[in-house]
Every structure is written in structure tokens, then in C-alpha cells.
Amino acid sequence: MTDKKQNWPKALANAINLATSVAMAFAVGLLGGQWLDEKFNTAPWLMLIGLIFAALTSGKMMWERLMDDNRSDATYQKKDKEENP
């Protein structure tokens, strides 16, 4: 239990990393779509497509992070059970 409480800096770093990754995905999707709309005169379609791709990318990043956290929790619990039968 004390190991999890002492791990808050890592959790904070992971949260900041995920937040900036999601923000960058949306920024690239929005700004890239706007730039392409201006270049090809297709407003607002390419911007909307960029935002959809950003949302899908963000969802994938969050899903992968959740699965990694679940795997690490399962490993932690397995080790704890082996040490304390």
C-alpha cells in the first residue's frame, strides 16, 4: 500500500503527458484541417475530418494508457500475493 502512495510523481507525470498528447492531437487536427481547407477551398470539411482523426487518436492513446495501467496493476497484485500468501 505504501508503494502506491509514494508513486504519485509518476502518476502526475503520466497525467500531464496524456493531457499534452491529447491537446497536441487536437491542435494538429484542427490547425492542419484549417490550413488544408484554405489551400483547397473546402471549408469546413477537412477541418472536421482532422478533428475526427484527433478524437480517434486521443481515444486510442487513452485506451493504450488504460491497458498499460491495468497490466501493471495486475503484475503488482500478483507480486503482492506471492510475497504475502
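**Salt bridges and helices in the predicted model**

A salt bridge joins the side chains of Asp68 and Arg71, with an N to O distance of 3.0 Å. The structure described here is a predicted model. Both Asp68 and Arg71 belong to helix α3, where a spacing of three residues places them about one turn of the helix apart. The two partners fall into separate accessibility classes: Asp68 has a relative accessible area of 41% and is therefore partly exposed, whereas Arg71, at 52%, counts as exposed because the cut-off for that class is over 50%.

Two salt bridges were found in a search of the whole structure. Besides the pair formed by Asp68 and Arg71, Lys60 is bridged to Glu64, and the closest N and O atoms of this pair lie 2.4 Å apart. Lys60 and Glu64 are also both located in helix α3, with a separation of four residues, or about one turn of the helix. Glu64 has a relative accessible area of 38%, so this residue is classed as partly exposed.

Helix α3 spans residues 45-83 and includes Trp45. Trp45 has a relative accessibility of 58% and is therefore counted as exposed. The C-alpha atom of Trp45 is separated by 8.0 Å from that of Gly33, a residue twelve positions away along the chain. Gly33 is one of the buried residues of helix α2.

Helix α2 is made up of 33 residues, numbered 8-40. The distance from the first C-alpha of α2 to the last is 47 Å, close to the expected 48 Å at 1.5 Å a residue. Buried positions in this helix are Leu18, Val22, Ala25, Gly29, Gly33 and Asp37. Just after α2, Asn41 adopts a positive phi of about 55 degrees.

Confidence in the prediction was also examined. The average pLDDT of the protein is 88, and 81% of the residues have a score of at least 70. Helix α2 has the highest confidence, with a mean of 95, while the lowest is found in helix α1 (residues 2-5), with a mean of 57.

Conventions. Residues numbered from 1 in each chain as written. Predicted model: local features only at pLDDT ≥ 70, side-chain atom pairs only at ≥ 80, totals over all residues. Heavy atoms only, no water. Helix = DSSP H or I, 4+ residues; strand = E, 2+ residues; numbered from the N terminus. Expected span 1.5 Å × (residues − 1). Buried < 20%, exposed > 50% of the residue type's maximum accessible area, 1.4 Å probe, protein only. Salt bridge = Lys/Arg side-chain N within 4 Å of Asp/Glu carboxyl O. pLDDT = per-residue confidence, 0-100.
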